[in-house]
Amino acid sequence: MVTGVDDVGLENCIYCGACFRYCSLNAYKELDGMELKALVAAVTRIARRGFRPEKDMQVKELLDRCTLQGDCDRVCPAMVRPFLRNKAAKKKMEEAGVCD
């Protein structure tokens with residue numbers, strides 16, 4: 001049973017970006033200048049350590065596109081649970097008072 005962000009296999013992430021690249025909603029076709037690897041790293045950091053408004057607003061705007069469908073889990077070659085990582089990051093943003 002997955003109980004927290006430490007249980008989603010983040011240490012196995014290879015930062016390939018497949019989780020966002022193959023989003024079934026095509027929500028990440030345009031990244032407003034951010035590279036996939038940087039997006040994955042930032043979302044992972046937010047999930048682990050929390051949201052920093054002074055640095056993470058572009059990431060927030062991109063992560064707001066995630067509707068938590070879970071398709072990302074099926075395409076992850078490292079068997080990380082991107083769905084749960086994104087959910088944890090969204091929770092951290094909510095705790096920081098910046099979620100819609």
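Which residue has a side chain that a polar contact of 2.5 Å joins to the side chain of Arg45?

Modeller: That's Asp56: the polar contact between the two side chains is 2.5 Å. A polar contact here is a pair of N or O atoms within 3.5 Å; within protein, one must be able to donate a hydrogen and the other to accept it, and residues adjacent in sequence count only if both atoms are side-chain atoms. Keep in mind that this is a predicted model, where local features need pLDDT of at least 70 and side-chain atom pairs count only at pLDDT 80 or more, while totals for chains, interfaces and linings use all residues. Residues are numbered from 1 along each chain as its sequence is written, and side-chain values use heavy atoms, leaving out hydrogens and water.

Now, where do the two partners sit? Arg45 lies in helix H2, and Asp56 is found in helix H3; helices are DSSP runs of H or I with at least four residues, numbered from the N terminus. Both are buried, meaning under 20% relative accessible area with a 1.4 Å probe and protein chains only (over 50% is exposed, in between partly exposed): Arg45 has 19%, and Asp56 has 1%.

Next, their neighbours, leaving out residues up to four places away in sequence. Arg45 touches Gly50, Arg52 and Asp56, and Asp56 touches Arg45, Ile46, Gly50 and Phe51; contact means heavy atoms within 4.5 Å.

Let's step back to the helices. H2 (residues 36-49) and H3 (residues 53-63) pack at about 95 degrees, with axes 10 Å apart. The axes are lines fitted to C-alpha atoms over the stretch in contact, and angles run from 0 to 180 degrees between N-to-C directions. That makes H2 roughly perpendicular to H3, a label for angles of 65 to 115 degrees. On the H2 side, the contact uses Leu39, Ala42, Val43, Arg45 and Ile46, while H3 brings Asp56, Val59, Leu62 and Leu63. By class, that is seven nonpolar, no polar and two charged residues; Ala, Val, Leu, Ile, Met, Phe, Trp, Tyr, Cys and Pro count as nonpolar, and Asp, Glu, Lys and Arg as charged.

Not counting residues up to four places away in sequence, Val59 touches Met34, Leu39, Ala42, Val43 and Ile46.

Terms used
Helix = DSSP H or I, 4+ residues; strand = E, 2+ residues; numbered from the N terminus. Parallel < 35°, antiparallel > 145°, perpendicular 65-115°, else oblique.
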